[in-house]
Amino acid sequence: MPPAPWRGSLPRPRGRPFLVASDPVPTIRLVYSSAAAGGTTYSTLVDIMSQAHTRNMAQGITGILCYGSGQFLQALEGERAAVTALYHRIAVDRRHDDCQLMSVDEIESRAFPEWTMKVVNWEDGDMARRRTMLQADTGSEVFTPSAMTATQASAFLMHLAELERELAGD
Ligand SMILES: Cc1cc2nc3c(=O)[nH]c(=O)nc-3n(C[C@H](O)[C@H](O)[C@H](O)COP(=O)(O)O)c2cc1C
């Protein structure tokens, strides 16, 4: 059996999805929100992610993580066992607290296939477009993931990803 696409050693060609073929089943998407612990800043997150990308790639995890106003909203996609194990590690990480599980869905295809974890700093970007999008998706212009419904959070992350792809010219 050929190796799963994400285990290959070749870099992803620019603009091509990280995962193309249908994933082994069952594949899930998990979304949660949390609050940064005292002392955790965007730069802490950048440090966390320097290791997380490698780990996620090895585990076939893709997703997006938005940080803003001291809060996180993250979507993890991948094989159910891998996503579950990662979420258990994340949930006990002392660099954040108040982890709230918003949704777990079995999925047929990934929404963020090209990213081992896209990190978005909410406060650094095209704020006019971002606020309009947030308002349309959640009814508020303030990034407050803990107040979002699961449906709002998913819609918001999908639209945020679209905006990021557009800005990157993908
Ligand atoms: C908001 C947040 C998001 C994180 N996202 C990931 C991630 O996507 N992948 C990952 O491997 N670790 C992530 N981590 C780090 C994990 O919590 C954990 O420290 C890491 O997986 C190493 O686990 P271990 O020390 O138990 O081996 C995240 C941590 C925080 C606070």
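Tutor: We shall take the elements, the sheet, the core, the ligand shell and the backbone in turn.

Tutor: This is a predicted model, in which local features need pLDDT of at least 70, side-chain atom pairs count only at pLDDT 80 or more, and totals for chains, interfaces and linings use all residues. Residues are numbered from 1 along each chain as its sequence is written.

Student: How many helices and strands does the chain have?

Tutor: Helices (H or I, at least four residues) and strands (E, at least two) are DSSP runs, numbered from the N terminus. Here the chain has four helices and five strands, and from the N terminus on they follow the pattern β-α-β-β-α-β-β-α-α.

Student: In what order do the strands of the sheet stand?

Tutor: Two strands pair if DSSP finds at least two bridges between them. In this model, five strands form an open sheet with mixed pairing and the order S4-S1-S3-S2-S5. Strand S4 (96-106) and strand S5 (118-121) each have a single partner strand, so one side of each is left without a neighbour in the sheet. From one strand to the next, the twist averages 15°; such angles run from 0 to 180 degrees between N-to-C directions, and the axes are lines fitted to C-alpha atoms, for helices over the stretch in contact.

Student: In which sense do S2 and S3 pair?

Tutor: Strand S2 (residues 62-68) and strand S3 (residues 71-79) are antiparallel, with seven bridges between them. In this pair, Gly-68 stands opposite Gln-71 in S3.

Student: Which strands do helices H1 and H2 touch?

Tutor: Two residues are in contact if their C-beta atoms, placed from the backbone, lie within 7 Å. Helix H1 (residues 42-59) packs on the sheet and touches S2, S3 and S5, its direction making about 165° with that of S5. Helix H2 (residues 80-91) also packs on the sheet, where it touches strand S1 (27-36), S3 and S4; its direction makes about 155° with that of S3.

Student: Which residues have the most contacts inside the largest nonpolar core?

Tutor: In soluble globular proteins, nonpolar side chains tend to be buried together. A residue is buried if 20 or more other C-beta atoms lie within 10 Å of its own, exposed if 12 or fewer, and partly exposed in between, with C-beta atoms placed from the backbone. A nonpolar core is a set of buried Ala, Val, Leu, Ile, Met, Phe, Trp, Tyr and Cys residues joined through C-beta atoms within 7 Å. The largest one here has 28 residues, and Val-31, Ile-64, Ala-153 and Leu-157 have the most contacts inside it. At least two residues of this core come from each of S1, S2, S3, H2 and helix H4 (150-168). Leaving aside neighbours within four places in sequence, Leu-157 is in contact with Val-31, Ile-64, Leu-73 and Ala-75.

Student: How many residues surround the ligand?

Tutor: A residue is near a molecule if its C-beta atom, placed from the backbone, lies within 6 Å of it. The ligand is surrounded by 14 residues, the closest being Ala-52, Arg-55, Ile-90, Asp-93 and Arg-95. H1 gives the largest share of this shell, four residues.

Student: What is the phi of Ser-69, and what is that of Asp-98?

Tutor: Most residues other than glycine have a negative phi. Ser-69, in the loop between S2 and S3, has a positive phi of about 50°. Asp-98, in strand S4, has a positive phi of about 55°.
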